[in-house]
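Here is a walk through a structure made of several chains. Keep the model open beside the text and find each part as it is named.

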Amino acid sequence: MPSQIKRLLVLGVIIVSLFLLLKFLMTPVSFGQFGHYRGLALDEIAAHPVKYIGSKTCIKCHDTIVTMKNEGYHSDIECENCHGPAYKHNKTPKKVKLFKPDSREFCAKCHSVNLARPEKAITQQKINKHHPGKKCITCHNPHEP
Amino acid sequence: MSPQFDHLYQALSKVIGYIYPNEIELSWSILIVLYPYITGLVAGAFILASLERVFNVKALRPTYVIALLTSFAFLLVATMPLIFHLGKPFRAWEIMITPHLTSAMAIFGFVYLWYLMVVLLLEIWFDYRRDLVLWSKETKGFKRWIYKVLSLGVYDISPEALKWDDKLGYAITVIGIPSAFLLHGYVGFIFGSIKANPWWSTVMMPIIFLFSAMVSGIALVMVIYIILNYIRKQKIDMLCLDTIAKYLFYIIIIDFAMESLDQIHRFYEAEESFEIISLLISGKLYITLLIMQVLVGMIIPLLTLGILQFYKPKERVRRIIYLLTGIIVLVGIFFMRWNVVIGGQLFSKSFLGFTSFKLSLIGSEGFLMASIWLIVPFLILAFLFWLFPPWKKSLVEH
Amino acid sequence: MTNKKENLSRRNFIKYAGITAGTVLVSSAISPFNAVLFAANKPKGKGVWYGIAIDIEKCIGCGSCAKTCKIENDVPQEPFFFRSWVEQYTIKKDGTIKVESPNGGIDGFTQSVPANEVQKTFFVPKMCNHCSKSPCVQVCPVGATFESPEGVVLVDENYCIGCRYCVQACPYGCRYVHPVKNVVDKCTLCFHRLKKGLNPACMDNCPTKARISGDLNDPESAIALFISTKNVYVLKPHLNTGSKLYYNALNQEVR
């Protein structure tokens, strides 16, 4: 075999071995556990904090108002949908208070007339004509609409 | 509104029709236009070199080494735009260590490094080996050290060893031709296999990319050959130049035919995306596609080179025509990549609207950064010409 | 003499042709075409396999889902990055389509087309379809996006290199590049909530319960009932993505 080929073969073997060694050392530990990805990623994603904790937790302290809501037209609506995420308030209820929406625009987001809103799905009002200027909650109790 | 999103708010005001909210900013910008352009030059220059070596087109002998070195210089730079484009460039090693084999982009890790790089390095080595050994004995200092290292400790330049060099060089070139096709074919496949984007998703994409790569590579070597001889004040081999131009002419015909076929087919079938794509071509891509890519980049060179096949003016005039034609071909092929990459992202996947693209001057994906990656290969090539001067080689007949 | 030869060779031809035809016929009867084709998705795995169902007839376009999603998942509030958004389709009487999604629908919608020009109008909530033959998973070069054993398509933000190939490959526009992390981000079906036995945040907060998610492998689940009783469609079925987001009453114009 000519000396060029011998030299090249030696070089080739060295380079390929180096690469295989690197591949073994650098592949993350949990890679390939469930598929072509890092198995640890599943736990990392699952560790993200939960922000909307659900009305089943709200009712533990605010039982009267949640029960009242659950008996009316807004029964299907989660408390946090209007009041925002409650995870901080749940941890330190005295320090962190939740937002209490009271503007017309807030109610209008769901209840204003829009042709795309199925009439069966929700009652709609022409908010420009329906008692303009007054806050909706003056007459309508949001927890007992 | 933090200033980092200013350009997005501007883009929002320029939206036409409806786009999915996440589509406002183009994910693949000018650096991704550059990558297929550069790898196309690599593949094309290599194919020109192999035309001489494997297909025995003797007239191209003067450009054989120039084509190889050009291919190599651009190959060294090819990954740079990609790495600079990544959101996490320091994780780029992952493509080599855990490549996902269903992804065309993962195949790049192996095609690029292990195949074409090895082929190019070996072919240059086999061609230069004799000279490396000779130069390592004749020169002094830094150059001498480099030649010694590159000879890999093999100093045998007997006629027998040289015959082996020739045979091995030939074999490597033969193996290298499909690798050059693969290197650029896979780039076309990266786009052609995206069923979500009808501007990209076509069987013709790898083929179109390949032929336009050959066009650009051949044009590049032609331009470099003319400029190099002008700088060195050498007499140019007109037969060689005429032959390169002839091959350029043939490949442009094929490339033009393939691209036209793709568009005619699109037009005829007129499936779901047809309306939005017609608006794209006649609107946002009017200048870059119809004028720059087709008229300036293809039709004018075709007419010029075509006429020159029959009527040959004086040498000086021909040289200037070839130079200018080569340059506008290179510009045209750049715009072809632009139209594929940028054009494919300008229209929404809802087929109901367009977003806009503004190329900034500075920044990680700006015009200046792109220019750097186009200029650096020429600097590398100049360095290679200084270190391994093709005109000082002891010419060996293949 | 030649006549006999011709007769012989003709006979041979008929004989061999008959044998071949007979073999083909018999073998096709023995193993008839039995490729199994699935209506929607080939059921995967033995455990939970999540799917999503959205009822267009119940969506009122309030944008609570989009708003909740951004807060729950720390998505930047700017109007350029959405894991989930709502679109309003309006088909006018002259046949033209108008689609809008102002800030993804988070601030709600106002009627932009006068009532007398409207032929049809409705809201379409969009989110990641968690496809079972996902083109985005197929193209990831490093294995940073994948389908979890529960059928949820996720992104490993510690492994993603930010090449954006998956963003290009998603036909539904569900992916975006996170402006701070510089990796790709998308809807995770609130995987962190699923693992704690909760529903995805967008579904809990929908006031009309237009969105549900559930176990496609469980024949008694709400989603299985949804699929079996309603006229369900997926987006872009011709792309064969194995989308697991089933819409009820989806109009053909929706892209």
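**Helices, sheets and contacts**

Start in chain B, where the axes of α7(B) and α8(B) come within 7 Å and cross at roughly 135°. The model is a predicted one. Angles over 145 degrees would count as roughly antiparallel. The angle between α7(B) and α8(B) falls in the class called oblique. The crossing of α7(B) past α8(B) is right-handed.

Now look at the residues that meet there. From α7(B) come B:Phe181, B:His184, B:Gly185, B:Val187, B:Gly188, B:Phe189, B:Phe191 and B:Gly192. Facing them in α8(B) are B:Met205, B:Pro206, B:Ile208, B:Phe209, B:Leu210 and B:Ala213. Sorted by class, this contact of α7(B) with α8(B) has 10 nonpolar residues, 4 polar and no charged.

Follow chain B onward to the next pair. Helix α8 (residues 204-231) of chain B packs against helix α9 (residues 238-269) of chain B. Their axes are 9 Å apart, and the angle is about 155°. The two helices, α8(B) and α9(B), are therefore roughly antiparallel to each other. Here α8(B) passes α9(B) in a left-handed crossing. The contact of α8(B) with α9(B) holds 21 nonpolar, 1 polar and 3 charged residues.

Find B:Ser350 in the loop between α12 (315-346) and β2 (353-354) of chain B. Is B:Ser350 buried or exposed? It has 22 C-beta neighbours inside 10 Å, so B:Ser350 counts as buried. Leave aside its neighbours within four places in sequence, and B:Ser350 is in contact with B:Tyr18, B:Ile19, B:Tyr20, C:Val99 and C:Arg255. B:Ile276 is 74 residues away from B:Ser350 along the chain, and their C-alpha atoms are separated by 9.5 Å.

B:Asn56 is the second residue. It sits in the loop between α2 (30-53) and α3 (61-85) of chain B. B:Asn56 has 9 C-beta neighbours inside 10 Å, so it counts as exposed. Check its backbone too. Most residues other than glycine have a negative phi. B:Asn56 is not a glycine, yet its phi is positive, at about 55°.

C:Asn182 has a positive phi of about 60°, although it is not a glycine. Its place is the loop between β7 (176-177) and β8 (184-185) of chain C. With 15 C-beta neighbours inside 10 Å, C:Asn182 counts as partly exposed.

Stay in chain C and turn to its strands. Strands of a sheet pair through backbone hydrogen bonds, either parallel or antiparallel. One open sheet has 4 strands in the order β9-β1-β11-β10 (chain C), and its pairing is mixed. Which strands stand at the edges? They are β9 (211-215) and β10 (232-233) of chain C. Each has a single partner strand, so one side of each is left without a neighbour in the sheet.

Strand β1 (residues 50-55) of chain C pairs with β9(C) in the antiparallel sense, over 5 bridges. The bridge partner of C:Gly51 in β9(C) is C:Gly214. A helix belongs to the picture as well. Helix α7 (residues 222-229) of chain C lies across β1, β9, β10 and β11 (245-248) of chain C. This α7 of chain C runs at about 110° to β9(C).

Chain C also has a hairpin. Strand β2 (residues 84-92) of chain C and strand β3 (residues 97-100) of chain C run antiparallel, joined by 4 bridges. C:Ile91 has C:Ile97 as its bridge partner in β3(C). The hairpin of β2(C) and β3(C) has 4 residues between the strands, and C:Gly95 takes a positive phi near 95°.

Finally, step back to see how the chains meet. The contact between chain B and chain C takes 35 residues from chain B and 39 residues from chain C. On the side of chain B that touches chain C, the elements that give two or more residues are α1 (6-13), α4 (94-97) and α5 (104-138) of chain B. That side has 18 nonpolar, 10 polar and 7 charged residues.

Chain B meets chain A as well. This contact takes 12 residues from chain B and 10 residues from chain A. Helix α7 (residues 159-192) of chain B gives 4 residues, the largest share of the side of chain B that touches chain A. The residues of that side divide into 7 nonpolar, 3 polar and 2 charged.

How values were computed. Residues are numbered from 1 along each chain as its sequence is written. Chains are lettered from A and ligands numbered from 1 in the order in which they are written. This is a predicted model: local features need pLDDT of at least 70, side-chain atom pairs count only at pLDDT 80 or more; totals for chains, interfaces and linings use all residues. Two residues are in contact if their C-beta atoms, placed from the backbone, lie within 7 Å. Ala, Val, Leu, Ile, Met, Phe, Trp, Tyr, Cys and Pro count as nonpolar, Asp, Glu, Lys and Arg as charged, and the others, Gly among them, as polar. A residue is buried if 20 or more other C-beta atoms lie within 10 Å of its own, exposed if 12 or fewer, and partly exposed in between; C-beta atoms are placed from the backbone. Axes are lines fitted to C-alpha atoms, for helices over the stretch in contact, and angles run from 0 to 180 degrees between N-to-C directions. Angles under 35 degrees count as roughly parallel, over 145 as roughly antiparallel, 65 to 115 as roughly perpendicular and the rest as oblique. A crossing is left-handed if the near helix is turned anticlockwise from the far one by less than a right angle, and right-handed if clockwise. Two strands pair if DSSP finds at least two bridges between them.
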